[in-house]
Amino acid sequence: ARVVMQSGILPSLGSKDSFTPVYMLLKTGAFIGRSSTYWVPCRQLWVITILEFCIFVFMVIEGFYHWCNIYALCGIYFAGGIFVGGIYSNVMLRISEDLDEETRGLALGIASASYNIGQVVANTVGLGVQPAYVAFHKAGGTTS
């Protein structure tokens, strides 16, 4: 969700001046989310995954209709970054703490490979999302 949000949705949300601070807050949130795992571990990964998915759905709709101002988007992207960073680091933490030594290495390798494959797929999806937003706005789909 984060990669589609940054590569497909974020560029369509307004002027290029708003891209940098929102992107910076997304990355800062992801850094904080990944760094805070030992202080705020989450065993129920489904909770933050659902929260991140809700932000993703909201941002897909926002990309079409531009309801929020830049300040609200900064907060939403920052929270999304925290959730994404938390998901990634908590998955790795759960694998390293909950699995036995024989399967831990394989599971960490599969999780890392899945993460990287997911980024490639999400960037590919982002290549299609961005032109869809541009076409929608050129056709007069919104008043912004």
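Which element gives the most to the lining of the second largest pocket? I went looking, and it is H4, with four residues.

**Ground rules**

I noted that this is a predicted model, where local features need pLDDT of at least 70, side-chain atom pairs count only at pLDDT 80 or more, and totals for chains, interfaces and linings use all residues. Residues are numbered from 1 along each chain as its sequence is written, and side-chain values use heavy atoms, with hydrogens and water left out.

**Overall layout**

I found five helices and zero strands in the chain. Helices (H or I, at least four residues) and strands (E, at least two) are DSSP runs, numbered from the N terminus. Read from that end, the order is α-α-α-α-α. The chain has 144 residues, and 35% of them count as buried. Buried means under 20% relative accessible area, exposed means over 50%, and partly exposed is in between (1.4 Å probe, protein chains only).

**The pocket**

Back to the second largest pocket, which holds about 150 Å³ of space. I checked what "pocket" means here: on a 1 Å grid over the protein atoms alone, it is an open set of points where a 1.4 Å probe fits, with protein on both sides within 12 Å along at least five of seven lines, and lining residues have an atom within 4 Å of a point. The volume is the space filled by probe spheres set on the points, which are joined across faces, edges and corners.

Helix H2 (16–35) and H4 each supply at least two lining residues. The lining includes Ile32, Val40, Cys42, Phe83 and Asn90. I sorted the lining into seven nonpolar, five polar and no charged residues. In that sorting, Ala, Val, Leu, Ile, Met, Phe, Trp, Tyr, Cys and Pro count as nonpolar, Asp, Glu, Lys and Arg as charged, and the others, Gly among them, as polar.

**Salt bridges**

How many salt bridges does a search of the whole structure find? I got three. Each needs a side-chain nitrogen of Lys or Arg within 4 Å of a carboxyl oxygen of Asp or Glu. Side chains of opposite charge can pair when their charged atoms come close.

- Arginine 43 and aspartate 98 meet at 3.5 Å, N to O. This pair links distant parts of the chain, with arginine 43 in the loop between H2 and H3 and aspartate 98 in helix H4, 55 residues apart.
- Arginine 94 and glutamate 97 meet at 2.6 Å, N to O. Both lie in helix H4, three residues apart, about one turn of the helix.
- Aspartate 98 and arginine 94 meet at 3.4 Å, N to O. They are about one helical turn apart because four residues separate them in helix H4. Shared partners join Arg43, Arg94, Glu97 and Asp98 into one network.

Arginine 94 is at 11% relative accessibility, so it counts as buried. Aspartate 98 is partly exposed at 44%, and glutamate 97 is partly exposed at 46%.

**The loop between H3 and H4**

Is histidine 66 buried or exposed? Its relative accessibility is 17%, so I put it down as buried. Histidine 66 sits in the loop between H3 and H4, and its phi is near 50°, a positive value in a residue other than glycine. Tryptophan 67 is in the loop between helix H3 (45–65) and helix H4 (70–98), and at 55% it counts as exposed.
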